[in-house]
Amino acid sequence: MTRVGPARRQRILWRGALLAILVLSPSVIASQFMLEVLPHPGYQILNDSLATIFGFLFGWISIGLWISLAGALLLLFRHRSRLQSCSQGSTDMSARTALVMPVFHEDPVRVCAGLEAVYRSLAETGRLSQFDFFILSDSNDPDAWVEEEVAWAALRARVGAQARIFYRRRRNNIKRKSGNIADFCRRWGNQYRYMVIFDADSLMSGTLLTRLVELMEGNPAVGLIQTLPAAIHQNTLFGRVQQFANRLYGPVFAAGLHFWHVSEGHYWGHNAIIRVAPFVRHCALPRLPGGGAFGGEIMSHDFVEAALMRRAGWEVWMEPGLEGSYEETPPTLLDELKRDRRWAQGNMQHARLVFARGFVSPHRVVFLNGIMSYVSSFLWLAFLALSSLEAILHVLVVPQYFPRAHVLFPVWPVWHPEWAVVLFWFTLAVLFVPKVLAIILTVIRGRMASFGGGPRLLASVVLESVLSSILAPVRMLFHTVFVVSVLAGRKTAWGPQARGDASTTWRQALRYHGAGTILAVVWGGLIYLLSPNYFWWLLPVMAAWLIAIPVSVWISRVQLGIKARQWGLFLTPEEIQPPPLLRLFNEARRAPILRRCTAARGFLAAIVDPGVNALHCALLKAGNVVSNEVALSRQQLMLMAIKDGPRALSRWDRLRLLNDRESMTALHWRVWTLRGPRARHWLDGTLLHADRSLPPPSCAQVSR
Amino acid sequence: MNFDERMQGRVVGMMPLDVSGPLEMRERLRSYLATLSFPPELYEAWVETACEGASHAGQAFARLQERMANHLAESAASVPHDARCVALWRLSVWLNADADVLATSSLGPPFTRQSMASERTRP
């Protein structure tokens with residue numbers, strides 16, 4: 001194995017040092033400038049705090065500028081990345097790759113349609129035999145479990161029984177997604193040289209998958225390659241705007257990350273290929289000691305796995321120049337914020353790993369960057385609060401014109417609003433230059449038509465900028481709450497991610513944005529009464545909070561999204577000319593569904609439906625010899641099911657039954673023999689039309 | 001006595017809950033096979049055989065399972081005649097798939113267990 005040599009290592013360090021200088025120097029200057037802008041003589045502690053926070057925030061936003069600038073230059077002057085240039089030699093056809101898709105309460109039909117599209121796309125490359133597919137379920141809902149099995153069976157029925165597409169459900173979902181993948185590695189990992197990690201909404205073309213294997217084969221020191229997934233399939237206005245921004249600005253930003261991080265890059269947890277052996281050897285995640293939000297299982301596992309891989313000497317590349325990688329984004333603002341709540345905790349947890357032994361500096365920076373993604377909101381709000389306090393104090397407290405005794409001339413309070421305007425425009429420039437760079441690059445590379453043409457592209461950028469300016473303060477408020485909640489030790493639950501079309505109701509918007517609206521009225525009103533001049537500085541933030549409820553509802557609407565598309569707004573290359581993979585996906589979505597024997601679904605189907613029961617039993621492994629107590633407890637559960645029907649069974653009862661093949665087989669035959677009222681607990685009326693109406697048996701009969 | 005035997009003794013023994021009239025028994029078995037989309041021209045003979053002399057539906061369904069297993073043994077010689085073969089027969093009828101193919105196609109690659117070597121270390 002070739003490890004990263006001293007020369008390349010030095011280059012990475014130089015780039016890191018350069019970026020640090022580029023970020024820190026303007027931060028210090030901006031901080032000093034802010035001190036000049038603020039009233040003086042003033043409240044020293046307040047002024048110092050404001051200047052320091054501003055310096056931090058300025059540095060934070062300037063990172064985006066330097067990343068984008070480097071990315072734009074890289075895309076302009078170098079068409080082939082170092083990773084692709086280094087790729088050499090032919091692919092070992094015996095190198096097997098597992099495509100693994102961890103799922104947790106996802107739409108199984110959507111999951112299987114995605115896999116079918118990838119399967120058929122790979123088949124077109126002629127390299128299908130090198131790949132196996134795994135659906136790794138962590139679902140712990142009885143109905144979801146059974147429907148996943150049925151969707152998998154339907155997929156196998158469509159592509160052929162010999163297809164190497166496997167379904168595995170984990171009984172105990174320890175360590176969530178990372179534990180799910182670790183479980184795969186333990187069971188089957190050493191049969192594969194590589195694994196490609198999919199999210200439930202991921203799609204990757206066969207050409208890209210084979211190319212990734214070639215890159216890994218040609219670069220034996222590489223442990224992980226992360227692709228840049230393009231956002232697809234969005235219909236709500238919010239989703240379409242995010243999709244457009246991702247598609248237009250994403251490549252520039254990713255190229256910038258590629259430039260600065262080189263072989264010590266990012267891993268985002270999906271749409272990436274991993275060399276299995278070093279992953280197994282070095283990337284198992286420990287439980288962090290202690291309780292609260294900072295202890296326990298590592299929630300944002302991807303950054304840590306990349307850092308562990310690199311710590312062991314393997315290269316980690318973020319490779320932006322590979323087409324054919326796709327994902328979906330949250331359809332509404334509230335869905336995005338729910339996801340951010342999990343990410344906030346996961347990233348804050350990394351505070352315990354920043355100074356851990358052996359990690360390379362770029363990965364420590366990745367941890368810090370993740371933490372700052374949320375802490376920056378807290379700092380922004382603190383900046384607004386402190387600056388409001390300063391404005392209020394200057395109104396309410398009479399200035400000291402003679403701070404020292406025996407002076408002839410008064411000291412007038414001085415502040416420079418015109419300098420504040422300069423600083424404001426400069427800050428805006430730092431924020432918007434990355435967008436401008438992305439547009440320039442699109443024009444130079446002749447790709448405007450892929451976004452609907454010049455005028456529509458510009459209109460889309462302007463509207464996207466307006467919307468992102470409105471949403472930024474709303475996100476800031478939520479992220480601040482998330483940070484405080486994590487610091488207070490509150491853990492977040494593990495839930496499925498919202499996908500597909502969804503819309504926010506007025507009630508939901510009121511519930512989540514109501515507090516922000518009240519805050520805007522109180523805070524904004526107070527400042528307007530006491531310091532009208534300063535009010536106008538706060539207005540963009542207060543106005544965003546004030547209109548958050550209707551905005552959140554309207555942008556979640558599918559009709560508005562479709563209307564925007566009809567007007568040619570927020571178009572992406574995948575919409576204008578859908579790639580073959582997306583056509584395959586749409587065909588798979590439209591494929592006829594598997595005929596079911598009965599109308600029953602989920603757990604009920606696994607008991608009643610002769611086909612689904614057979615499928616479920618076939619997928620369960622044979623039960624081990626169990627103790628008398630366990631056998632008796634199962635019998636009691638079955639008797640309860642027979643006597644009182646499925647409604648008497650709790651979720652855990654159902655899972656216990658579903659986990660035991662003998663119980664499932666016995667219960668299936670049992671419910672088909674039941675008469676009268678008890679049969680109706682289970683069997684649809686149409687299946688019982690010939691039954692006589694009989695009185696229910698007495699309790700004595702049941703327990704006999 | 002293993003679990004299956006205990007279960008059989010317990011559950012099949014609960015006759016008062018079962019359909020017991022000959023007509024209802026036949027209807028229930030027909031309904032079962034029709035639900036599975038088993039061809040009507042075949043299942044009538046199966047129903048008759050299973051219900052003849054049966055005192056309750058549990059007994060009739062047990063005979064039906066035996067018939068299913070025998071049918072599978074005749075039509076798919078390579079399929080082992082074990083506890084899973086009735087489920088395999090149902091699966092092959094439902095999915096309209098060859099039972100031989102179903103029996104031989106793997107539901108998952110064989111386990112080749114290894115440990116995540118770094119699990120005991122702390123970053």
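In the predicted model, H4(A) passes H5(A) in a right-handed crossing. Helix H4 spans residues 108-125 of chain A and helix H5 spans residues 142-159 of chain A. Their axes come within 9 Å and cross at roughly 25°. Because this angle is under 35 degrees, H4(A) is roughly parallel to H5(A). On the H4(A) side, the contact is made by A:Pro108, A:Val109, A:Val111, A:Cys112, A:Leu115, A:Glu116 and A:Tyr119. H5(A) contributes A:Glu147, A:Glu148, A:Ala151, A:Trp152, A:Ala154, A:Leu155, A:Arg158 and A:Val159. Of the residues in this contact of H4(A) with H5(A), 11 are nonpolar and 4 are charged, with no polar residue.

Chain A is divided into domain 1 (95-331) and domain 2 (602-703). The centres of these two domains, taken over C-alpha atoms, are separated by 37 Å. Contacts between the domains involve 11 residues of domain 1 and 13 residues of domain 2. H5(A) gives the most to the domain 1 side that touches domain 2, with 8 residues. That side of domain 1 divides into 6 nonpolar, 1 polar and 4 charged residues.

A:Ser552 lies in helix H17 (residues 548-554) of chain A. This residue counts as buried because it has 23 C-beta neighbours inside 10 Å, the cut-off being 20 or more. Not counting residues up to four places away in sequence, A:Ser552 touches A:Leu333, A:Leu334, A:Thr504, A:Ala509 and A:His513. Between A:Ser552 and A:Leu215 there are 337 residues of sequence separation and a C-alpha to C-alpha distance of 43 Å.

Technical notes. Residues are numbered from 1 along each chain as its sequence is written. Chains are lettered from A and ligands numbered from 1 in the order in which they are written. This is a predicted model: local features need pLDDT of at least 70, side-chain atom pairs count only at pLDDT 80 or more; totals for chains, interfaces and linings use all residues. Axes are lines fitted to C-alpha atoms, for helices over the stretch in contact, and angles run from 0 to 180 degrees between N-to-C directions. Helices (H or I, at least four residues) and strands (E, at least two) are DSSP runs, numbered from the N terminus. Angles under 35 degrees count as roughly parallel, over 145 as roughly antiparallel, 65 to 115 as roughly perpendicular and the rest as oblique. A crossing is left-handed if the near helix is turned anticlockwise from the far one by less than a right angle, and right-handed if clockwise. Two residues are in contact if their C-beta atoms, placed from the backbone, lie within 7 Å. Ala, Val, Leu, Ile, Met, Phe, Trp, Tyr, Cys and Pro count as nonpolar, Asp, Glu, Lys and Arg as charged, and the others, Gly among them, as polar. A residue is buried if 20 or more other C-beta atoms lie within 10 Å of its own, exposed if 12 or fewer, and partly exposed in between; C-beta atoms are placed from the backbone. Domain bounds come from an automatic or database domain assignment.
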